[in-house]
Protein chains: 2
Amino acid sequence: MRNTRSSTPVWQAISGALRADISEGRYLPGDKLPTEAQLSARFGVNRHTVRHALSQLVDDGLVRTRRGAGAFVASTPTDYPIGARVRFHENLLAAGRRPEKRVLDVECRAATAGEARALDVGDGAPVCAYRGLSLADGAPIAVFESVFPLERTPDIDRHLADTSSVTDALNRAGVADYTRASTRLTAVLADVTQALHLHLREGDPLLRSTSVNVDAAGNPVEYGRTWFAGDRVTLTLET
Amino acid sequence: MRNTRSSTPVWQAISGALRADISEGRYLPGDKLPTEAQLSARFGVNRHTVRHALSQLVDDGLVRTRRGAGAFVASTPTDYPIGARVRFHENLLAAGRRPEKRVLDVECRAATAGEARALDVGDGAPVCAYRGLSLADGAPIAVFESVFPLERTPDIDRHLADTSSVTDALNRAGVADYTRASTRLTAVLADVTQALHLHLREGDPLLRSTSVNVDAAGNPVEYGRTWFAGDRVTLTLET
DNA sequence: TATGATATGTCTAGTTGTATAGAAACTTGC
DNA sequence: GCAAGTTTCTATACAACTAGACATATCATA
């Protein structure tokens with residue numbers, strides 16, 4: 001232990017050095033940073049000091065760590081417009097990201113009361129629930145669950161199996177076009193399953209969107225709920 | 001890093017998600033689960049983490065894995081009463097299972113010394129040995145071998161060929177009714193052939209039942225041995 | 001029947017995350 | 001000036017997750 005301490009704590013200096021490396025382009029978004037052990041050796045300090053430095057960068061959103069995998073330079077949040085026409089693929093491509101879907105489950109069953117109301121169908125009407133993950137550049141950004149009324153979107157389950165595009169599936173089910181009738185946003189906390197899928201911790205903030213899409217005649221064809229990872233997506237409301 | 005928030009280990013969250021899928025009927029007993037690689041991709045985690053999650057389900061008896069084949073939803077053990085009147089079909093149906101027999105072999109030959117003693121017939125008396133598998137809902141639960149004395153059950157081999165019901169075959173052979181005279185139970189280890197038939201590993205525990213069934217006059221009509229898969233069948237002794 | 005592909009099982013090792021604790025320097029209040 | 005609290009740095013240990021490679025069993029196909 002040194003006799004006197006300089007005015008700047010070591011952890012802060014390390015933080016600053018790494019921040020400079022990132023801002024000067026030595027590390028690009030997605031790049032892996034040196035391991036804690038390597039940084040510890042490089043700066044000649046204890047691993048915990050390095051961890052403290054890194055935690056500052058994580059808090060500031062510059063770095064994202066993954067247990068066992070390493071620390072990576074964070075990407076900027078994906079901008080996701082929400083307006084009259086919301087199309088996942090188009091939105092991601094416009095943001096310069098590679099869109100990807102991962103289907104978790106498709107099941108046809110009777111609508112719950114809330115779903116029946118949202119879709120304007122009879123109680124217990126047959127619907128098809130479609131759950132999955134949305135990813136941008138390979139990173140999960142949202143969990144979604146969409147419910148389709150089978151009376152207005154016949155065989156939607158088969159169409160969903162054949163294409164990853166909801167727009168395409170709806171088209172094959174006879175819905176030539178659809179628009180967003182309503183969107184409600186709420187901040188919620190991630191539960192254990194959402195945290196699992198989104199690579200977050202339980203309790204991390206999520207932005208939940210609840211929406212209804214309607215066909216040209218104004219009939220609901222999709223009741224959707226999406227939970228966006230709070231720090232990975234920025235929703236832009238178009239007016 | 002956030003200090004205070006509880007965090008479920010990823011392997012536990014995955015375990016929980018799969019457990020919920022099973023309990024909610026998305027996977028039925030006997031169904032194959034997605035492969036480790038598929039689950040790894042679905043949850044975006046390392047295959048070892050998935051394996052740990054699965055191992056919890058295996059430990060809890062919910063899932064059974066076989067090297068090279070996959071992971072399957074385990075069935076709950078079938079309850080199988082043993083009392084004065086033991087009827088395979090009735091027992092399985094009473095347990096809510098679909099009974100099925102698969103005949104491996106029927107051969108008429110001379111009785112061995114042990115069989116002769118058990119059936120109370122002369123040394124070398126002609127008998128008919130009937131070997132097969134018992135299944136519940138398509139899953140093998142036991143290997144059996146029954147020996148019938150031809151002097152008391154004439155043409156039993158032909159009758160066995162005509163019906164999968166032993167009760168029915170005996171009836172056609174002139175045995176109007178029969179009851180259990182004795183049952184002896186022993187725990188044994190599966191040999192390689194039994195393991196193969198029962199989809200177990202060699203050395204897994206089996207419950208071997210050795211029994212004699214007698215006609216109304218008390219004469220033995222069937223000497224039976226059944227090896228039950230230890231974890232797939234629970235024998236209930238009626239008194 | 002042989003072979004290639006697929007899937008589980010095992011081993012070794014690296015990396016991050018958490019827990020606990022000690023010591024010294026610094027800060028604050030009296 | 002001193003005591004108490006905080007900050008900084010160090011240390012060890014273990015858990016959780018990742019990574020890679022290879023062995024063995026099963027399945028499908030030619």
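How many disulfides are there over all chains? The count comes to zero. Keep in mind that this is a predicted model.

Take Cys108(A) first. Its closest cysteine sulfur belongs to Cys128(A), and the two sulfurs sit 3.1 Å apart, which is too far for a bond. The cut-off here is within 2.5 Å, so Cys128(A) is in no disulfide either, with the sulfur of Cys108(A) as its nearest at 3.1 Å.

The two cysteines face each other across a pair of strands: Cys128(A), in E5(A), is the bridge partner of Cys108(A). Their surroundings are another matter. Cys108(A) is partly exposed, at 40% relative accessible area, while Cys128(A) is buried at 0%.

## Strand E5 and its neighbours

Strand E5 of chain A covers residues 126-136, and nine of its eleven residues are buried, so the rest of the structure largely encloses it. On one pairing, E5(A) runs antiparallel to strand E4 (residues 99-110) of chain A, with eleven bridges joining them.

E5(A) also runs antiparallel to strand E6 (residues 139-149) of chain A, this time through ten bridges. Here Ser134(A) stands opposite Ala142(A) in E6(A). E5(A) and E6(A) make a hairpin with two residues between them, and Asp137(A) in the turn has a positive phi of about 50 degrees.

## Aromatic pairs

Over all chains, the structure holds six aromatic pairs. One of them is Tyr80(A) with Phe228(A), a tilted pair at 5.2 Å centre to centre and 55 degrees between the planes. Tyr80(A) is in strand E3 (residues 78-82) of chain A and Phe228(A) in strand E9 (residues 220-229) of chain A, so this pair ties together parts 148 residues apart in sequence.

Tyr130(A) is buried at 0% relative accessibility, and Phe144(A) is buried at 6%.

## Arginines over tyrosine rings

What does Arg87(A) lie over? It's the face of Tyr178(A), at 4.0 Å from the ring centre. In chain B, the charged end of Arg87(B) sits over the ring of Tyr178(B), 3.9 Å from its centre.

Definitions and conventions: Residues numbered from 1 in each chain as written. Chains lettered and ligands numbered in written order. Predicted model: local features only at pLDDT ≥ 70, side-chain atom pairs only at ≥ 80, totals over all residues. Heavy atoms only, no water. Buried < 20%, exposed > 50% of the residue type's maximum accessible area, 1.4 Å probe, protein only. Helix = DSSP H or I, 4+ residues; strand = E, 2+ residues; numbered from the N terminus. Pairing = 2+ DSSP bridges. Phe/Tyr/Trp six-rings, centres within 6.5 Å; stacked < 30°, edge-to-face > 60°. Lys NZ or Arg CZ within 6 Å of the ring centre and 35° of its normal.
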